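Subject: Structure handover

Dear colleague,

Please find the structure below. My notes on it follow.

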Amino acid sequence: MGLATDRPLVIVDVDEVLGLFMLGFGAWIAERGYELRFERFALFQNIYRPGAVENVDLAEGRQLFDDFFASGCGELEPAPGAVEALRRLRARAEILILSNAPASAEQLRGDWLKKHGLPEALILSSGPKGPITAALTAQTRGKTAFVDDLIPNLDSVAAHSPATATFQHVADLRLRPLAPRSERHPRIDDWAELGEAIEAAIS
């Protein structure tokens with residue numbers, strides 16, 4: 001992807017790490033007659049029709065998710081401090097964006113990165129991120145770090161690429177109290193502090 005293999009590599013997720021996904025998705029579905037409630041650290045189980053007691057079923061939630069990535073994911077607000085932190089990190093490391101998003105999001109997501117001055121090396125994937133991270137980190141001679149909001153992805157990376165430093169970041173203030181933690185992965189929700197921790201890990 002044109003990244004230097006003799007420099008450290010930092011792999012970063014987008015939704016709830018670089019971008020305020022729940023804020024953007026919530027506004028998008030509200031325009032379509034739904035509401036997002038923050039009852040658990042989940043997505044589809046938090047989507048309701050106004051006044052409903054039960055959340056929408058999986059198929060309906062999945063369709064909203066796919067439609068958002070096809071048409072609305074380019075309108076996310078960057079997570080506070082993320083742009084500035086990555087700008088500083090780029091002086092020390094190569095940055096690769098690894099996002100679990102549908103293929104239909106590729107153009108919008110790439111344009112979003114460019115619009116906000118974020119690194120444009122982007123891979124869209126699905127499933128646990130450990131195997132693809134291991135393949136990517138194997139191509140560099142520098143130290144490596146990985147940032148995600150989801151513990152399963154962090155655990156997957158730790159299992160497949162154990163030399164990679166892993167960090168958890170949850171951007172949305174409403175999600176932070178609900179998000180599971182793990183002692184295996186430092187949880188740093190402030191991007192200024194997180195950037196410093198990443199820089200220390202790859203030095």
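Predicted model: local features only at pLDDT ≥ 70, side-chain atom pairs only at ≥ 80, totals over all residues.

Glutamate 193 sits in helix H7; helices (H or I, at least four residues) and strands (E, at least two) are DSSP runs, numbered from the N terminus. With 47% relative accessibility, glutamate 193 counts as partly exposed. The cut-offs are under 20% relative accessible area for buried, over 50% for exposed and in between for partly exposed (1.4 Å probe, protein chains only).

Residues are numbered from 1 along each chain as its sequence is written, and side-chain values use heavy atoms, with hydrogens and water left out.

Helix packing

The axes of H3 (residues 82-89) and H7 (residues 191-202) come within 8 Å and cross at roughly 20°. That makes H3 roughly parallel to H7. Angles under 35 degrees count as roughly parallel, over 145 as roughly antiparallel, 65 to 115 as roughly perpendicular and the rest as oblique. Axes are lines fitted to C-alpha atoms, for helices over the stretch in contact, and angles run from 0 to 180 degrees between N-to-C directions. The H3 side of the contact (heavy atoms within 4.5 Å) consists of Ala82, Ala85, Leu86, Arg88 and Leu89, and the H7 side of Trp191, Ala192, Gly195, Ile198 and Glu199. By class, these residues are seven nonpolar, one polar and two charged. Here Ala, Val, Leu, Ile, Met, Phe, Trp, Tyr, Cys and Pro count as nonpolar, Asp, Glu, Lys and Arg as charged, and the others, Gly among them, as polar.

H1 (residues 21-30) packs on H2 (residues 58-71) at an angle of about 100°, with the axes 11 Å apart. That makes H1 roughly perpendicular to H2. H1 contributes Phe21, Gly24, Phe25, Trp28 and Ile29, and H2 contributes Leu64, Phe65, Asp67, Phe68, Phe69 and Ser71. The contact of H1 with H2 has eight nonpolar, two polar and one charged residues.

The sheet

Five parallel strands form an open sheet in the order S5-S4-S1-S6-S7; strands pair if DSSP finds at least two bridges between them. From one strand to the next, the twist averages 20°.

S1 (residues 9-12) is joined to S4 by four parallel bridges, with isoleucine 11 partnered by leucine 96 in S4. Four bridges also join S1 to S6, in parallel, and valine 10 stands opposite alanine 145 in S6. Leu9 and Ile11 point one way from S1, Val10 and Val12 point the other way, and all are buried.

S4 (residues 94-100) pairs with S5 in the parallel sense over four bridges. Leucine 98 stands opposite isoleucine 123 in S5. Helix H6 (residues 151-160) lies across S4, S6 (144-148) and S7, and runs at about 175° to S7.

One backbone detail

Glutamate 16 is in the loop between S1 and H1. Its phi is positive, about 70°, although it is not a glycine. At 3% relative accessibility, glutamate 16 counts as buried.

Regards
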